[in-house]
Amino acid sequence: MTNTNNTAELSLDQKAALTSGAGWWDTVACPEAGIPAVVMSDGPHGVRFQEADADHLGLSSSAPATCFPPAVALGSSWDRSLAHRVAAALGREAQSFGVNVLLGPGINIKRSPLCGRNFEYFSEDPLLSGELGVAWVNGLQSQGVGASLKHFAANNQETDRLTVSADIAARPLQEIYLRAFRRVVREAKPWTVMCSYNRVNGVYASQNPWLLTDVLRDDWGYDGVVVSDWGAVVDRVKGLAAGMDLEMPTSSGNGPAQVAAAVRAGALDEAALDRSVARLADLAAKSGGGARPGTTFDPAVHHALAREAALRSAVLLKNDGALLPLDPATGGKIAVLGEFARTPRYQGAGSSKVNPTRLDNALDAITAMAGNAGISFAPGFTVDDAAESTSDSALREQAVALAAAADVVLLFLGLPASYESEGFDREHIDLPKEQTELLDAVVAVNPNVAVVLANGAVVGVSGWAHKVPAILEGWLGGQAGGSATADLLFGIANPSGRLTETMPLRLEDTPAYLDFPGEAGHVTYGEGLFVGYRHYDARAMEVSFPFGHGLSYTSFEYLDLRIEATDGGARLTVAVRNSGGRAGREVVQAYLQAPGSRVQRAERELKGFGSIELQPGETGVVVITVPRDDFAFYDTTVQAWLVEDLEYRFQVGASSRDLRLDASIRIHSEDYIAPVDKESNIGQWLSHPVGGPALLRLIEPVLATYRAGAPEGSPRDKMLMGTRLGQLAQFPIIPVTEADLDALMDLVSES
Ligand code: BGC
């Protein structure tokens, strides 16, 4: 820590006062100790700066700021440098409002597509979430504005989010739900981490010493501030003792009074308070030092960046017969159908809601770019709050008439805002019925339909995707999403986004289907490690579109994969050629397999990715580095991350189910010795390097006789191998005593 403030002279009450907010968005200043107030704002895809009438639910207004594509879209770019640039722009905007800490990024895992807040999160995969989180935090903090990595931890649903206990076994907790946080904390050092509302294995995150101290600080080395989610404090004193430094928003003096009283009563160690105060003073120093008063930003430049981000985020799911892109020069009639073309759905609801500096809609952009083509428009259906008074059937008829008269139909479908938001979860993944009915009516009169989707989390497409030749998934594209969509539809830009979340055939197929959202205050993460594509691959299930999928208007050939060892990890070099007729960007993905592992592993796990822009005919090389740490699994017997000595296999390709090349590499590791005790069985003892030979000396004569009738590997031998060591002394025919077993135990514990 770089704290140079003078907190040693502060009274107990002054110190306690620092551990709670002054208002909705600012901390308490302490001029005597040279500690300025820290100003915070949501986050994550725009600065929601509120001067008056503050709230944390997105209800009250905020100053105009650029609404960049929310994480669901930005993540689909699989583009670290884009995430860095967007976050740096957010940093500049934050500076212009005098904001020191922006409340993002959200990196929770998309466990179920139903989670109402999935639009604020990057992916179902921890490596992808972590890598994008690192880039985002680095980008923001490069501008002297701190990040707040949230929501720590296991906040994967909105149902009962304030109280539910996420009950998760050790390996999935570490390998899926904490792993992205670990990566961002270690690599990007966010100024703050925001603890979540929920409980983790029974204990509120805001007062969970295991989570906030043992894991976050002791294991990962975090030395920044932990801030509560807004209103997440349940017991302020327990929270402080657990390592939760700052309660937000203000508790009007209650929290500080409880903290001071607990110290006076000897119920709270003052050293814990001092540690929090030191961290808060350090945050205030970083905020003061990072402030750049007078910073301005150019809304037009940031709008252009928002458009670029939306362009790289859209995913071309399907494009049969190369229906897209449309060529404005060839003329013809284009029917633009669907209210979302005119009234874009571009961000989600709740605390992240931004007041955009401007808002593009696809209809205007398409009309402006149409060239010789004739554009007609009909809304086709209503969305929430629409002033439309016409009935659904009349709207449908009007749209179908335009479709029948057109050469091509651009059909804008998606989720109305009332379907997904912070604060509640979806009940199903389907589009509204009036939209799929419109689709059916339209394809009946015109087969040349490209569907453009707007939604913050995946929707079910299996009921209709086969009926249309093209689908462009635009997500919630931010304030420039409409114009970016037009660029993509007309081929001014080439789609290159990839799914960060599997699109399942049915909700019933999803990994958490039977456990989500839990009951009686608990949600069991029964699918364990098998979240997202790990689940569909393990069960060899068909999906609508797999994790990592996304098409382009050009094509790419994977020519060559080389692999070499580096610093205990691996470096992959992939040669890719643009074999089609347009410039484009390919996202190359590397998945790891660990055949022969002694623990349960996913069929394949994303361990690296990179992208490359290539002109037609051009060949280039993508280098993917996989550090040693990414070969590790969390070993529950020793409660630590371990790398197994194995021949690992990498599969490289364009999606988790479009794997083009593979190569293997041996990763050396010290042989792991599984600990043994009297509860361990004979087989486990015999494989122990010290215990094995010693046990063998004791039982050799009996074993030789036994094995004469029960050769190694035979059913009877398997029975013996499964016998507990402790049982041996109880068998009269085996000359082993309790004392012998104690001696064996001493021997292995000394080894
Ligand atoms: C949300 C956080 C947000 C905070 C402040 C909470 O309700 O969960 O993500 O940063 O409010 O608005």
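**Helix packing, ligand contacts and backbone details**

Modeller: Helices α4 and α6 cross in a right-handed sense. Please note that this is a predicted model.

Colleague: At what angle do α4 and α6 pack, and how far apart are their axes?

Modeller: The angle is about 30°, and the axes are 8 Å apart. Helix α4 covers residues 126–141, and helix α6 covers residues 179–188.

Colleague: Which residues of α4 and α6 meet?

Modeller: On the α4 side they are P126, L127, S129, G130, E131, G133, V134, V137, N138 and Q141. On the α6 side they are R179, A180, R183, V184, E187 and A188. By class, this contact of α4 with α6 has seven nonpolar, five polar and four charged residues.

Colleague: Let us turn to the ligand. How many residues surround it, and which are the closest?

Modeller: The ligand is surrounded by 15 residues, and the closest are D42, R117, H151, Y197 and D229.

Colleague: How far is the polar side-chain atom of H151 from an oxygen atom of the ligand?

Modeller: The distance for H151 is 2.7 Å. For Y197, a polar side-chain atom lies 2.9 Å from a ligand oxygen atom. R161 also places a polar side-chain atom 3.2 Å from an oxygen atom of the ligand.

Colleague: Where is H151 placed, and is the peptide bond from K150 to H151 cis or trans?

Modeller: H151 belongs to strand β3, which spans residues 146–152. The bond from K150 to H151 is cis, and its omega is near -5°.

Colleague: What about the peptide bond from M248 to P249?

Modeller: That bond from M248 to P249 is cis as well, with omega near -10°. P249 sits in the loop between α8 (236–242) and α9 (254–264).

Colleague: What is the phi of N201, and where is N201 found?

Modeller: N201 is not a glycine, yet its phi is positive, at about 45°. The residue N201 lies in the loop that joins β6 (199–200) and β7 (203–204).

Colleague: And Y204: which residues is it in contact with, leaving aside its neighbours within four places in sequence?

Modeller: Y204, a residue of strand β7, is in contact with L162, T163, Y197, N198, R199 and V234. One of these, Y197, is also among the closest residues to the ligand. The C-alpha atoms of Y204 and L246 are separated by 15 Å, and the two residues are 42 apart along the chain.

Colleague: Back to helices. How do α11 and α15 cross?

Modeller: The axes of α11 (residues 299–313) and α15 (residues 481–489) come within 8 Å and cross at roughly 50°. That angle makes α11 oblique to α15. The crossing of α11 with α15 is right-handed.

Colleague: Which residues make the contact?

Modeller: R307, A310 and L311 of α11 do so, together with G481, S483, A484, D487 and L488 of α15. These divide into four nonpolar, two polar and two charged residues.

Colleague: What is the arrangement of α12 and α15?

Modeller: Helix α12 (residues 362–369) packs with α15 at an angle of about 40°, and their axes are 7 Å apart. The two helices α12 and α15 are therefore oblique to each other. Their crossing, α12 with α15, is right-handed.

Colleague: Which residues of α12 and α15 meet there?

Modeller: A362, A365, I366 and M369 in α12 meet G482, S483, A486, D487 and L489 in α15. The contact of α12 with α15 comprises six nonpolar, two polar and one charged residue.

Note on methods. Residues numbered from 1 in each chain as written. Predicted model: local features only at pLDDT ≥ 70, side-chain atom pairs only at ≥ 80, totals over all residues. Heavy atoms only, no water. Axes fitted to C-alpha atoms, helices over the stretch in contact; angles between N-to-C directions. Helix = DSSP H or I, 4+ residues; strand = E, 2+ residues; numbered from the N terminus. Parallel < 35°, antiparallel > 145°, perpendicular 65-115°, else oblique. Left-handed = near helix turned anticlockwise from the far one by under 90°. Contact = heavy atoms within 4.5 Å. Nonpolar A, V, L, I, M, F, W, Y, C, P; charged D, E, K, R; others polar. Near = heavy atom within 4 Å. Polar contact = N/O pair within 3.5 Å; in protein donor to acceptor, adjacent residues only side chain to side chain.
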